[in-house]
Amino acid sequence: MLALVTTTLIAAAGLIAWLLSDRLVGQTELVAESTGEVLIATQQVDASFAEADAAAVSVHLAGSDGNREQRRLYELALDRATASLESVARLVGEDERSHEALRDIAAGTTRYSGLIEAARTAAITGSPGADDTLQVASSLNRDEIAPDVQVIANRARARFDDETNSSWYAVALIVLVVALAILLAAQYSLYRRFRRFVNVPLALASLVVLLMVLLAARAFFAQRAAFEAAQTEAYDAITVSEQVQQTAYRHRAIGTASALTGRSAAVELAELEVALDPTQGGLLERARLEADSDRERAGAVEVIERWQRYLVESDRLQAAVAANDAAGAEAITQGPANAAFNGFNTTVEAALLDNREQFLGNLRQAADSLRWLRGSILASSLLAAVLSWWGFAQRLGEYR
Amino acid sequence: MNRLSRRSFLAKSAASAAALALAGCAVTEQRQASVASTLKVLNWPDYIDPDLLAEYGLRGQVDYRDEWVDNVTGAELFGNGWDIAVPTNWLAAQYVLEGQVERLPVEFIPNHKNIDPVFLTNGWDRGARFHMPWQSGITGIAYDPALTGRELTSINDLFAPDLAGRVAMIGEMREAVGLAMLAAGDDPVRPTQASTDRALAELAAANDRGQFHSWVFDEFSDLLASGQVAASMAWSGDTVQLQLERPDIRFIIPDEGAVQWFDTMVIPKGAANATGAAEWMNHFYDPVVAARNTLWVQYISPVIGVREELERLGGDAALLARNPLLFPDEETRRRLFFWGGLDSTAAEQDLDDRFAAMAGTA
C-alpha cells in the first residue's frame, strides 16, 4: 500500500511539475518570440513616423526644387513604419484592442501620406494652402497616430511585465521539493519498519529528484537573471534612447517649421535642449549612464558629440530666422542642419539597434535556459517513480 | 569586371610605386608593443600616402598590400587572414547583409564620430556599425570643350548624335547603369528590376549604334588627354589629376545628378587582429592624418574636419580645400546618389553579367 501511494505521489508530483514548467516555458517563449518583438516593433513604428514627419517638413521646405535625399528618407521611414506595423499585427495575437488600434493607425497612415502628397503637389504647383495641409498632416501624426501606437506599446508592456513576473517556477519547485520529501519519508518509513538503513533504488530516486530540484532552481534563476538583464541592461536603455530620438525629432521638426514660417522658435527649442542636455543630467546623459559596456558607452559619447554638432547648425538656423534671412535659413535647414541631424539620428539608431539585439538576445537566452526543462522534469519524475516502486518491491522481496 | 585603379598614375605613377614598396618594407620591419600582431591591410592601388604608411609603421607591424579589386573572391578575402579590406560600397553592403564582416569595435575608434553623415544613412548599415569609408568619388562627365564645341550639362549629352563615336564609357555597371537611370528620372539609390532593365536597354541601344568610342576604366583620362574622345564618363579623382596637366578639361555633375561611390574599410569575419584594425581606422580618421592623405590621393575624404585642416595648411592644400570635386557644395551633394543595390545578390549578379556582355568587359 505504501509502495503504491509513494509511487503514485511521486508520479503525480512529477506530472504537476511538468505541467507547471511547460506553462512557464511556453510563457517564456512567448515573451521571446512575440511580446518582446512587439515592444521593439512598436517603438520602431513610433520613431519611423517621427522621422518621416521631420523629413516631410524638410522636403516641403525645399518647395518646387524638392529635396530627393529628404524625400527618400521620408519614404524609407514610412516603409519602415509600415513593415513594423505588419510585424506588430502578426505578433500581437488575439488582443482585440491592439488590433483596433492597428486598424486606426493603418487608416491614419493612408490619410497622413495623402495629406503629405497633397501638400507637396500644392507646394510644387504654387497652389495656396500647402503649408496648412502640411500642418494638418503633422497634427494627424502627432495627435492621432502616435497615441494609437502608444496604446499598443502600453498593452505590450503590460503583457511583458505580466509574462516576465510569473511565479509558476516557484510552485513547480515546491512540488518537486514535496516529491523529494515524500521519497525521504518513504525511506524513513521503511527504515522504521525493516531496520535497514539504505534502500539503494529509493536512495537513487531521491538523488534523481534532488538533482532535478537543483537543476530546475538553477534554470529558473537563469531565466529570471536573463529577464532582469533584458530589462535593466537593454530595455531601459532602449526606452531612454527612444526618448532621446523623439525629443530630437520634435526639435528638428520645430526648427524646420520655423524656417518655413519665418517665426522664431527659440523658446520651444530651448526647452527641448534642456531636456536633452548631457551637462544638466538630461536624456543624453541618462542614455550614457544606461550604457553597460565600453562599446555602448562609446556609442553614447558619439551620440552626444553629434547632437552638439547639430545644435551648432540649429543655432545658426535660428539666427538666420531672427535676421529675417529666409534664404539663409532654408539653405542651413536643407544643408548642414539636415546633414548634422542625419548624423545624430543614425548614430542613435545604431545604438538602438545594438540595444534591441541585446534585449531580444536576453529574452531568447531566458527561453533557452528553460527549453530542456520540460522533458527533464517528466523523465526524472518517471524515473524516480520507477526506482521508488523497485525499492519497495526489493524490500518486500527480502522480507518474504 | 571592376575598375582597375582609383587614381590615374600620370606623373606620380613610377615614383609612387617605388615609394610604396619602400614604405611597405619599412613598415614590416618595425614593431611596437601597441599592436600585438601584424596588421594585414588589403587596399586599392595608390590609395594611401606612402609617408603616412611609413609613419604608421612606427606604431606596429603592418602587412599592407595595394592589390584590392572588387572581384577579390570570398576565399581570397576570408581565407588569408586580412584584418582590413576596402571593398566598394555596393560590395561592402553585400558583405554586411551576408554577415561576412565583424561589427566594428567602436570602443577603440573614438574618431568614428568623424564620419561624414552622408555615409551614415545607407540602408544596409545605418550609423556605420560595420564599415568606415576610406575614400569617396563621383562618377560624372569629363569633356574637352574644344572638341565638343559646346558646354555639356546633361547625362543625355553622352548619347547626343553630335558626339557619336567620341564618347568613352566606364565599364562599371553600377555607375554606367546608375547614370542612365538618372537620365531616365529613376533613382539609383532604389534600383528596381524594371528601372535597371530600362537603363541597360538604353545603354545597349547607344552602344549598338556606335555612340561610344570604347568601354574603359581609368584609361578614360588618357583618351581625353590625347583627344581620342571628346567626352567621357569620368571619375572625379582621376579628373583632378588630369586637370593638373590639362586644366582645360572640365568635369561636371550633370543636371540630373551623378553617382557617388566610396571604398570602405571592413573587418572580415574571423580577422585575427580586430583591435589593430580599429587602431588603424581611428588613426586615419584623425582629420590631420586624413587631410594629408587627401592631399595625396585627391578623392573625397569621408572625414569631418579635413577641409578645415587643408585650409589651415595653406598653399596647394588650401586650393584643394576649395576644389568642388573634393568638397561638393550642398546643392551638388543633393544631386549625388549612391547605388542602392537590387533586392537580391542573384539579381545584381545577373545585371552585372548582362552589362559585362553588352560592354564587352566580361
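**Loop in chain B.** I started with B:Ala128, which sits in the loop between α4 (89-97) and β4 (132-143) of chain B. Helices here are DSSP runs of H or I of at least four residues, strands are E runs of at least two, and both are numbered from the N terminus. The model is predicted: local features need pLDDT of at least 70, side-chain atom pairs count only at pLDDT 80 or more, and totals for chains, interfaces and linings use all residues. Residues are numbered from 1 along each chain as its sequence is written, chains are lettered from A and ligands numbered from 1 in the order in which they are written, and side-chain values use heavy atoms, with hydrogens and water left out.

I looked up the backbone of B:Ala128 and found a positive phi of about 50 degrees, although the residue is not a glycine. Most residues other than glycine have a negative phi. B:Ala128 is buried, at a relative accessible area of 0%. Buried means under 20% relative accessible area, exposed means over 50%, and partly exposed is in between (1.4 Å probe, protein chains only).

**Another positive phi.** B:Gln298 is not a glycine either, and its phi is about 60 degrees, again positive. I found B:Gln298 in the loop between α11 (287-297) and α12 (306-313) of chain B. Its relative accessibility is 11%, so B:Gln298 counts as buried.

I checked how many residues of helix α10 (residues 274-284) of chain B are buried: 9 of its 11, so the helix is mostly covered. Among them are B:Trp280, B:Met281 and B:Phe284, but also B:Glu279 and B:His283. In helix α6 (residues 173-183) of chain B I picked out B:Ala180, which is buried with a relative accessible area of 5%. From B:Ala180 to B:Ala201 I count 21 residues in sequence and 9.5 Å in space, C-alpha to C-alpha.

**Helix α1 of chain A.** Does the span of this helix agree or disagree with its 61 residues? At 1.5 Å a residue, α1 (residues 2-62) of chain A should span 90 Å, and its end C-alpha atoms are 88 Å apart, which agrees. The expected span is 1.5 Å times one less than the number of residues. I also noted a bend of about 45 degrees in α1(A) at A:Val31, taken as the angle between axes fitted to the seven residues ending there and the seven starting there. Of the 61 residues of α1(A), 43 are buried, so the rest of the structure largely encloses this helix.

**A helix pair in chain A.** Next I looked at α3 (residues 96-125) and α4 (residues 130-164) of chain A, which pack at about 165 degrees with their axes 9 Å apart. That makes α3(A) roughly antiparallel to α4(A). The contact of α3(A) with α4(A) has 19 nonpolar, 6 polar and 6 charged residues. Axes are lines fitted to C-alpha atoms, for helices over the stretch in contact, and angles run from 0 to 180 degrees between N-to-C directions. Over 145 degrees counts as roughly antiparallel, under 35 as roughly parallel, 65 to 115 as roughly perpendicular and the rest as oblique. Ala, Val, Leu, Ile, Met, Phe, Trp, Tyr, Cys and Pro are nonpolar, Asp, Glu, Lys and Arg charged, and the others, Gly among them, polar.

**Two distances in chain A.** A:Gly299 lies in helix α9 (residues 294-322) of chain A and is buried at 17% relative accessible area. A:Gly299 and A:Thr347 are 48 residues apart in sequence, with 7.3 Å between their C-alpha atoms. A:Ala170, in helix α5 (residues 168-194) of chain A, is partly exposed at 28%. Its C-alpha atom is separated by 39 Å from that of A:Ala300, 130 residues apart along the chain.
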